[in-house]
Amino acid sequence: MSYLTVEKKANIFKEFGGSEKNTGSIEAQIALLTERITSISGHLKQNKKDFSTNRGLMKMVGQRKRLLSYLSRTNLQGYRALIEKLGIRK
């Protein structure tokens, strides 16, 4: 399972948050959660009985859903651009 390194996190925050220090922006948090979700999904494809990791994945998916819902309510244009850039939905 490939973990997120400091460099990967810094790149995600720079690309989606505007700078490496802007870790609190909604777009950067959603992008980071998406990266973690894809990483854990790959792990669970190989380890189908890892139920504790599956629970953690479901919690992350729920957190991302709540953040996306907030973003869609506050900034619809930013929401549409973000899901297009991340390839989350159709």
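These exercises work through helix packing and the nonpolar core of a predicted model.

**Exercise 1.** Where does glycine 17 lie, and is this residue buried or exposed?

*Solution.* Start with the element: glycine 17 belongs to helix α1, residues 6-17. Next, take its relative accessibility, 14%. Buried means under 20%. Glycine 17 therefore counts as buried. Then list its contacts, leaving aside neighbours within four places in sequence: Ile12, Asn22, Ser25 and Ala28.

**Exercise 2.** Describe how α1 and α2 cross.

*Solution.* Two packed helices are described by the angle between their axes and the distance between the axes. Helix α2 covers residues 26-46. The axes of α1 and α2 come within 8 Å and cross at roughly 140 degrees. Over 145 degrees would count as roughly antiparallel. The two helices are therefore oblique to each other. Their crossing is right-handed.

Now name the residues that make the contact. From α1 come Lys9, Ile12, Phe13, Phe16 and Gly17. From α2 come Glu27, Ala28, Ala31, Leu32 and Glu35. By class, six are nonpolar, one is polar and three are charged.

**Exercise 3.** Which elements build the largest nonpolar core, and which gives the most?

*Solution.* Begin with the count: this core has 20 residues. Phe16, Ile30, Leu68, Leu71 and Leu82 have the most contacts inside it. Two or more residues come from each of α1, α2, α3 (51-74) and α4 (76-86). Helix α2 gives the most, with nine residues.

Finally, look at leucine 71. Beyond its neighbours within four places in sequence, leucine 71 contacts Ile26, Glu27, Ile30, Leu76, Gly78, Tyr79 and Leu82.

Conventions:
Residues numbered from 1 in each chain as written. Predicted model: local features only at pLDDT ≥ 70, side-chain atom pairs only at ≥ 80, totals over all residues. Heavy atoms only, no water. Helix = DSSP H or I, 4+ residues; strand = E, 2+ residues; numbered from the N terminus. Buried < 20%, exposed > 50% of the residue type's maximum accessible area, 1.4 Å probe, protein only. Contact = heavy atoms within 4.5 Å. Axes fitted to C-alpha atoms, helices over the stretch in contact; angles between N-to-C directions. Parallel < 35°, antiparallel > 145°, perpendicular 65-115°, else oblique. Left-handed = near helix turned anticlockwise from the far one by under 90°. Nonpolar A, V, L, I, M, F, W, Y, C, P; charged D, E, K, R; others polar. Core = buried A, V, L, I, M, F, W, Y, C linked by side-chain atoms within 4.5 Å.
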